[in-house]
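Hi everyone, thanks for coming. Let's have a look at this one together.

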Amino acid sequence: MPIAVGVIQTDGFPPVLAAADAMVKAGRVTLVYYGLAEKAQFLVAIRGPVSEVKVAMDAGIEAGNKVGPDKVLTHYIVPNPPENIVSVLPIDYTPKSEPFR
(Lines give C-alpha, C1' and ligand atoms only; values in the text may rest on other atoms or scores of the structure.)
Protein backbone atom coordinates (compact mmCIF):
# COMPACT_ATOMS: atom_id res chain seq x y z
CA MET A 1 0.00 0.00 0.00
CA PRO A 2 1.47 3.39 -0.99
CA ILE A 3 2.22 5.55 2.06
CA ALA A 4 2.36 9.36 2.05
CA VAL A 5 3.58 12.07 4.40
CA GLY A 6 1.57 15.24 4.90
CA VAL A 7 2.85 18.37 6.67
CA ILE A 8 1.04 21.53 7.74
CA GLN A 9 2.81 24.65 9.05
CA THR A 10 0.75 27.22 10.95
CA ASP A 11 1.13 30.63 12.51
CA GLY A 12 0.60 29.98 16.22
CA PHE A 13 -0.29 27.03 18.43
CA PRO A 14 -4.14 27.02 18.28
CA PRO A 15 -4.28 26.45 14.50
CA VAL A 16 -1.76 23.57 14.62
CA LEU A 17 -3.76 21.95 17.42
CA ALA A 18 -6.98 22.31 15.43
CA ALA A 19 -5.30 20.97 12.29
CA ALA A 20 -3.77 17.95 14.06
CA ASP A 21 -7.07 17.11 15.74
CA ALA A 22 -9.00 17.35 12.46
CA MET A 23 -6.43 15.28 10.54
CA VAL A 24 -6.41 12.30 12.87
CA LYS A 25 -10.21 12.33 13.04
CA ALA A 26 -10.76 12.68 9.28
CA GLY A 27 -8.52 9.93 7.97
CA ARG A 28 -6.74 6.73 8.91
CA VAL A 29 -3.45 8.52 9.55
CA THR A 30 -0.82 8.60 12.29
CA LEU A 31 0.65 11.78 13.71
CA VAL A 32 4.41 11.22 13.44
CA TYR A 33 5.91 14.64 14.16
CA TYR A 34 5.04 17.89 15.87
CA GLY A 35 7.42 20.77 16.42
CA LEU A 36 8.23 24.45 16.53
CA ALA A 37 9.34 25.81 13.17
CA GLU A 38 10.33 29.42 13.89
CA LYS A 39 8.83 32.70 15.10
CA ALA A 40 5.86 31.02 16.84
CA GLN A 41 5.21 28.87 13.78
CA PHE A 42 4.41 25.22 14.34
CA LEU A 43 4.28 22.18 12.11
CA VAL A 44 2.66 18.81 12.30
CA ALA A 45 3.32 15.75 10.11
CA ILE A 46 1.13 12.73 9.46
CA ARG A 47 1.65 9.44 7.64
CA GLY A 48 -0.74 6.94 6.17
CA PRO A 49 -2.15 5.66 2.89
CA VAL A 50 -2.01 8.30 0.15
CA SER A 51 -5.80 8.60 -0.18
CA GLU A 52 -6.25 8.94 3.60
CA VAL A 53 -3.50 11.57 3.89
CA LYS A 54 -5.17 13.67 1.18
CA VAL A 55 -8.52 13.60 3.02
CA ALA A 56 -6.86 14.30 6.37
CA MET A 57 -4.82 17.19 4.99
CA ASP A 58 -7.92 18.86 3.53
CA ALA A 59 -9.63 18.61 6.92
CA GLY A 60 -6.53 19.92 8.73
CA ILE A 61 -6.15 22.91 6.43
CA GLU A 62 -9.81 23.80 6.82
CA ALA A 63 -9.68 23.46 10.62
CA GLY A 64 -6.47 25.47 10.91
CA ASN A 65 -7.90 28.31 8.87
CA LYS A 66 -11.10 28.34 10.94
CA VAL A 67 -9.03 29.52 13.91
CA GLY A 68 -8.19 32.67 11.97
CA PRO A 69 -7.70 33.73 8.37
CA ASP A 70 -4.36 32.80 6.82
CA LYS A 71 -3.23 30.80 9.87
CA VAL A 72 -2.13 27.85 7.71
CA LEU A 73 1.08 29.14 6.18
CA THR A 74 2.05 26.18 4.04
CA HIS A 75 1.23 22.53 3.51
CA TYR A 76 2.39 19.70 1.31
CA ILE A 77 2.02 15.99 0.68
CA VAL A 78 4.87 13.67 -0.31
CA PRO A 79 3.51 10.43 -1.74
CA ASN A 80 5.79 7.41 -1.36
CA PRO A 81 8.81 9.10 0.26
CA PRO A 82 12.07 7.21 -0.38
CA GLU A 83 13.58 5.25 2.51
CA ASN A 84 16.61 7.50 2.79
CA ILE A 85 14.34 10.49 3.48
CA VAL A 86 12.35 8.57 6.06
CA SER A 87 15.51 7.46 7.84
CA VAL A 88 16.98 10.98 8.01
CA LEU A 89 13.95 13.18 8.69
CA PRO A 90 11.80 12.73 11.83
CA ILE A 91 8.80 11.32 9.93
CA ASP A 92 9.19 7.60 10.57
CA TYR A 93 6.77 5.60 12.70
CA THR A 94 8.20 5.36 16.22
CA PRO A 95 7.43 3.07 19.16
CA LYS A 96 5.55 6.02 20.64
CA SER A 97 3.29 6.37 17.56
CA GLU A 98 2.94 2.63 16.87
CA PRO A 99 -0.14 2.04 19.10
CA PHE A 100 -2.07 4.61 17.04
CA ARG A 101 -1.44 3.10 13.59
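**Salt bridges and cores**

Let's start with Glu 62, which counts as partly exposed because its relative accessibility is 48%; buried means under 20% relative accessible area, exposed over 50%, and partly exposed in between, with a 1.4 Å probe and protein chains only. Quick housekeeping: this is a predicted model, where local features need pLDDT of at least 70, side-chain atom pairs count only at pLDDT 80 or more, and totals for chains, interfaces and linings use all residues. Residues are numbered from 1 along each chain as its sequence is written, and side-chain values use heavy atoms, leaving out hydrogens and water.

So which residue does Glu 62 meet in a salt bridge? That's Lys 66, at 3.7 Å, N to O; a salt bridge here is a side-chain nitrogen of Lys or Arg within 4 Å of a carboxyl oxygen of Asp or Glu. Both sit in helix α2, four residues apart, about one turn of the helix (helices are DSSP runs of H or I, at least four residues, strands are runs of E, at least two, and numbering goes from the N terminus). Lys 66 is exposed, at 65%.

The whole structure has two salt bridges. In helix α1, Lys 25 and Asp 21 are also four residues apart, and their closest N and O atoms are 3.1 Å apart.

Now the inside. The largest nonpolar core has 16 residues, meaning buried Ala, Val, Leu, Ile, Met, Phe, Trp, Tyr and Cys joined through side-chain atoms within 4.5 Å. Helix α2 gives the most to this core, five residues.
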